[in-house]
Amino acid sequence: MLRNKGVADFMALLQGEAKKLKDHHKPTTCPACLLQISITFEGDRRLREASQVSCHDFWNACIAAITVQRSPNDINTLRLQLRRNVRVCRRQDLHGNPPRLVAQDLNDPVHMFIHSLYVLLGSCLMPVEGGHSALYNSRDPKKAFGNRGDLWPTLLSDLVPFGERQSAEAHVRWACQLFSPAPFMAMLPMLLGCRSVLFPSLLEPELRERILWYITQCLHADQGRDDYKWPDSVQSQCTRPSRLPWWMTLSSRCSLEITVSFMDMVFCGADSDPDDAVRFTLGFERALLPAVNTALEIHNTTGLRNSKAETTNLARMALLLFKRMDEPKSPQRDLHEVSRREMDRPTYMGIDITQSPHQLVHHALLKLYQKRTCSALSCGKSVHQASAGKSLPLCSGCKFTQYCSKECQRADWKHEAFPHKVICPILRLWTPGIQAGFELSGTRSAMDVLVASGEQNRTIFEAWAITRGLVSTHPLNAA
Ligand SMILES: [Zn+2]
Ligand SMILES: [Zn+2]
Ligand SMILES: [Zn+2]
């Protein structure tokens with residue numbers, strides 16, 4: 001039924017839903033209808049793109065409903081209200097096809113409501129291959145996001161309507177309570193656009209503990225490893241649900257992958273400090289490592305999609321945790337064999353450094369572009385350390401590197417080993433491809449230029465990109 005609607009009809013539907021969400025505590029939304037809308041929306045790229053332009057009201061209402069403060073009493077009120085909305089809904093025909101909702105699914109309509117909002121939000125924010133991605137081009141989250149004006153979200157306040165602390169708190173609470181990967185999936189693009197704003201809140205002891213607990217659960221800490229132990233000192237208020245409703249299990253197959261990407265983003269995403277991973281995991285090494293080992297074992301035996309890069313990410317995390325662990329430790333016992341192998345292999349993001357420097361360079365550049373730090377090798381100040389809310393000026397030649405000061409720019413131009421004078425004209429050709437999205441599109445010609453610029457310059461450029469990628473984004477190598 002929903003699937004046959006045209007784009008314009010669907011946008012009208014979302015605008016209607018925006019009105020129903022107006023009252024945060026007593027929305028007139030039917031959660032069963034919202035669930036169906038989210039399933040249709042998730043699978044249709046045209047809808048996602050159109051809604052970013054024409055449904056700002058809906059997205060603002062969506063994020064407000066998720067992040068608004070709710071006391072236990074408010075949740076009860078919401079639950080009663082949502083149950084009533086399902087009963088009086090005049091579009092029962094939309095409710096279950098396929099499969100039909102059962103009474104048990106409607107037991108807690110709050111979960112259905114919030115889960116559906118997260119699925120919608122996550123799909124809306126997900127970068128589209130070769131298409132727009134407001135958050136991806138964000139150069140400074142404190143200012144407007146780097147989109148062309150009409151795409152949602154436009155401002156940071158669109159994503160954190162009640163402030164960053166409350167947003168982070170809400171996302172962590174819902175992730176633990178829903179036990180669905182949907183909140184993490186929505187947080188991934190948010191972290192891409194404004195990690196520096198959300199990360200300090202995630203570091204607060206209570207939120208950090210809960211999110212680490214949820215991560216260990218998603219990594220299947222309970223399976224197989226008898227050495228998994230959550231620290232006694234931590235009073236985790238979360239419990240794992242005994243059974244998930246079908247509409248949450250649909251996406252749980254990829255929950256492991258999402259969790260690995262999420263950890264990577266938290267540990268070394270845009271604006272990260274090399275020691276962020278350490279600060280985030282401190283004191284939880286002995287609980288996390290067996291969970292990471294279990295995830296590695298699952299990856300190894302099931303051959304999940306994209307598993308190579310994820311395996312490397314997991315192995316890297318395992319090594320980081322292993323290094324931080326108190327004595328006594330033994331590689332044979334504490335590390336999965338994949339991590340032990342990884343210990344001696346020169347890899348970066350799943351790519352063998354010795355085998356494909358070009359692919360490696362592209363990945364290093366992608367990470368670097370999102371970093372938003374001063375590009376002078378000796379500096380590395382982030383936009384927030386360097387200036388009060390002002391973005392770092394871009395190099396006018398390549399529009400890729402940023403500097404905190406004229407001094408840094410001058411020093412980098414004439415850097416002894418990696419002069420920007422050499423790197424700038426090559427980067428200039430790379431930038432449009434990088435801005436366009438995650439894919440290699442547009443880098444073909446840059447690659448040709450790289451080859452044409454001569455053996456010596458090419459070597460300098462590759463060494464620069466690899467150094468930047470490895471030294472500044474990778475907590476292990478920075479240690
Ligand atoms: Zn309904
Ligand atoms: Zn600087
Ligand atoms: Zn430049």
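1. Let's start with Phe179, which sits in the loop between H8 and H9; helices here (H or I, at least four residues) and strands (E, at least two) are DSSP runs, numbered from the N terminus. Its phi is near 60°, a positive value in a residue other than glycine. Phe179 has 21 other C-beta atoms within 10 Å, so the residue is buried. For that term, a residue is buried if 20 or more other C-beta atoms lie within 10 Å of its own, exposed if 12 or fewer, and partly exposed in between, with C-beta atoms placed from the backbone.

2. A word on what you are looking at: this is a predicted model, in which local features need pLDDT of at least 70 and side-chain atom pairs count only at pLDDT 80 or more, while totals for chains, interfaces and linings use all residues. Residues are numbered from 1 along each chain as its sequence is written, and chains are lettered from A and ligands numbered from 1 in the order in which they are written.

3. Now the overall picture. The protein chain contains 24 helices and 2 strands. Of its 479 residues, 44% are buried. Among contacts with a separation of 6 or more, 75% join residues 24 or more positions apart; a contact means that two C-beta atoms, placed from the backbone, lie within 7 Å.

4. His171 counts as buried because 23 C-beta neighbours fall inside 10 Å. Leaving aside neighbours within four places in sequence, His171 is in contact with Pro183 and Met187.

5. Which residues touch the most other members of the largest nonpolar core? They are Cys62, Ile66, Leu117, Leu121, Val292 and Ala318, in a core of 97 residues. Helix H9 (residues 182-202) supplies the largest share of this core, 14 residues. The term covers a set of buried Ala, Val, Leu, Ile, Met, Phe, Trp, Tyr and Cys residues joined through C-beta atoms within 7 Å.

6. H12 (residues 255-268) has 14 residues and reaches 20 Å from its first C-alpha to its last, close to the 20 Å expected at 1.5 Å a residue; the expected span is 1.5 Å times one less than the number of residues. Since 13 of the 14 residues of H12 are buried, this helix is largely enclosed by the rest of the structure.

7. Next, two helix pairs. Helix H1 (residues 7-20) packs against helix H3 (residues 45-54) at an angle of about 55°, with axes 10 Å apart. Axes are lines fitted to C-alpha atoms, for helices over the stretch in contact, and angles run from 0 to 180 degrees between N-to-C directions. That makes H1 oblique to H3, given that angles under 35 degrees count as roughly parallel, over 145 as roughly antiparallel, 65 to 115 as roughly perpendicular and the rest as oblique. Val7, Phe10, Met11 and Leu14 in H1 meet Arg46, Leu47, Ala50, Ser51 and Ser54 in H3.

8. The second pair is helix H2 (residues 31-42) and H6, which pack at an angle of about 25° with their axes 9 Å apart. H2 and H6 are therefore roughly parallel to each other. On the H2 side the contact includes Pro31, Leu34 and Phe41, and on the H6 side it includes Pro109, Met112 and Phe113.

9. Finally, some loop details to check. The peptide bond from Trp152 to Pro153 is cis, with omega near -5°, and Pro153 lies in the loop between helix H6 (109-125) and helix H7 (156-159). Lys399 has phi near 55°, a positive value in a residue other than glycine. Lys399 lies in the loop between helix H19 (383-386) and helix H20 (406-413), and is partly exposed, with 15 other C-beta atoms within 10 Å.
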